[in-house]
Amino acid sequence: MSMHSHYKKASKAYFILSFLQFIGALILLYLVITIDNVEISIQLIYPMIFLFGGSIALLITAIVKQKRSHRKYNTPNISRREEDLFQANRLMLVPHVHWLREYEYYALNGKSVARIREEVEGWKRVVTFFLHLIKLRPYLKKSIIVENGEKVLFYLKKDWGFRQRYRVYNENKELIASYKMNLFNPISQYATIYDENGNIIGKNDGGFSAIQFKIKNNNEEKLIELKYQGVPLEAMELFSGTNGDIVDFNRDVLTDEEMQKFVLAPVIVQLHFR
């Protein structure tokens, strides 16, 4: 997927959300006008104002995304070369629409090297929005695939309930790693990383805000570092104004085998905490 397609798809999603919130606000406005009970009418005014304001904000976002989709991006389409992902020193992690849990890894030349998307199609995609609003989605079952332009590279699975563990499978559906998210640490967005045998191989510590977090191995060596909404100078022309994060991979320490287990660490943190 090109940057043009990315912004075009995002703008469409925000237009739909804006329309749905506007319809909801109109329904509440009708109830406020027609209901005889003054107390109930007053209680409906606040969510009505919230929906109207949200609709306007989403509409503005959609217009901005649409304008960006018309910019001329001198970039190729999605890469079919696995090495563009697995041998990278630096990538941009760009969200499509947060409530759909879709992300994209871009190389600094603008080429998309991996797309991460939840396996939700049709009407279920609409349901996910409401589950996201009422804060239930983190506790529901998830099935996520990671693909490039040619094939599926990884499968991500999470069971429903409070046990927040993401399991990572390779293209052959063999377990290669798992991530246990710490729900009960209010001062740190934290995850423990395990190999396929259940041995701890690393950890993520995102601090309180996860504006900048690091993935470390058992020797406390930094493997991956994410800078929230950071854009490197060498890619400023392509990614200026993009709501994405810069991800640095320490290839002096991170082996090719470890890259398979750790490359999705920033994505899993985004899926869980944002």
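Here is a friendly conversation about a predicted model of one protein chain.

User: What should I know about the model before reading its values?
Analyst: Residues are numbered from 1 along each chain as its sequence is written, and side-chain values use heavy atoms, with hydrogens and water left out. Since this is a predicted model, local features need pLDDT of at least 70 and side-chain atom pairs count only at pLDDT 80 or more, while totals for chains, interfaces and linings use all residues.

User: How confident is the predictor in the protein chain, and where is confidence lowest and highest?
Analyst: pLDDT is the predictor's confidence in each residue, from 0 to 100. The protein chain averages 77, and 69% of its residues score at least 70. Helix 4 (residues 123-133) has the lowest confidence, with a mean of 60, and strand 6 (residues 165-169) the highest, at 92. Over residues 72-76 the pLDDT falls below 50, although the model gives this stretch 13 contacts beyond near neighbours in sequence; a contact means heavy atoms within 4.5 Å. Where pLDDT is low, predicted coordinates should not be read in detail.

User: How many helices and strands are there?
Analyst: The protein chain has seven helices and twelve strands. Both are DSSP runs numbered from the N terminus: helices are H or I with at least four residues, strands E with at least two.

User: Why is the pair F22 and F52 called edge-to-face?
Analyst: Rings of Phe, Tyr and Trp (its six-membered ring) pair if their centres lie within 6.5 Å; planes under 30 degrees apart count as stacked, over 60 as edge-to-face and the rest as tilted. The centres of F22 and F52 are 5.9 Å apart and their planes meet at 70 degrees, so the pair is edge-to-face. F22 belongs to helix 1 (residues 3-34) and F52 to helix 2 (residues 38-69), so this pair links distant parts of the chain, 30 residues apart. By this rule the count comes to three aromatic pairs.

User: What makes F22 buried, partly exposed or exposed?
Analyst: Buried means under 20% relative accessible area, exposed over 50%, and partly exposed in between (1.4 Å probe, protein chains only). F22 has 36%, so F22 is partly exposed. F52, at 24%, also counts as partly exposed.

User: Why does L28 count as buried?
Analyst: Its relative accessible area is 15%, so L28 is buried. L28 is found in helix 1, and leaving aside neighbours within four places in sequence, it is in contact with L44, P47, M48 and L51.

User: How do you know that the charged end of K173 sits over the ring of Y155?
Analyst: The rule asks for NZ of Lys or CZ of Arg within 6 Å of the ring centre and within 35 degrees of the ring normal. The charged end of K173 is 5.1 Å from the centre of the Y155 ring and sits over that ring. K173 lies in the loop between strand 6 and strand 7 (175-181), and its relative accessible area of 56% makes it exposed. K173 also has a positive phi of about 65 degrees although it is not a glycine.

User: What makes R117 and E147 a polar contact?
Analyst: A polar contact is a pair of N or O atoms within 3.5 Å; within protein, one must be able to donate a hydrogen and the other to accept it, and residues adjacent in sequence count only if both atoms are side-chain atoms. The side chains of R117 and E147 make such a contact at 2.8 Å. R117 is in strand 3 (residues 112-118), and its 17% relative accessibility counts as buried.
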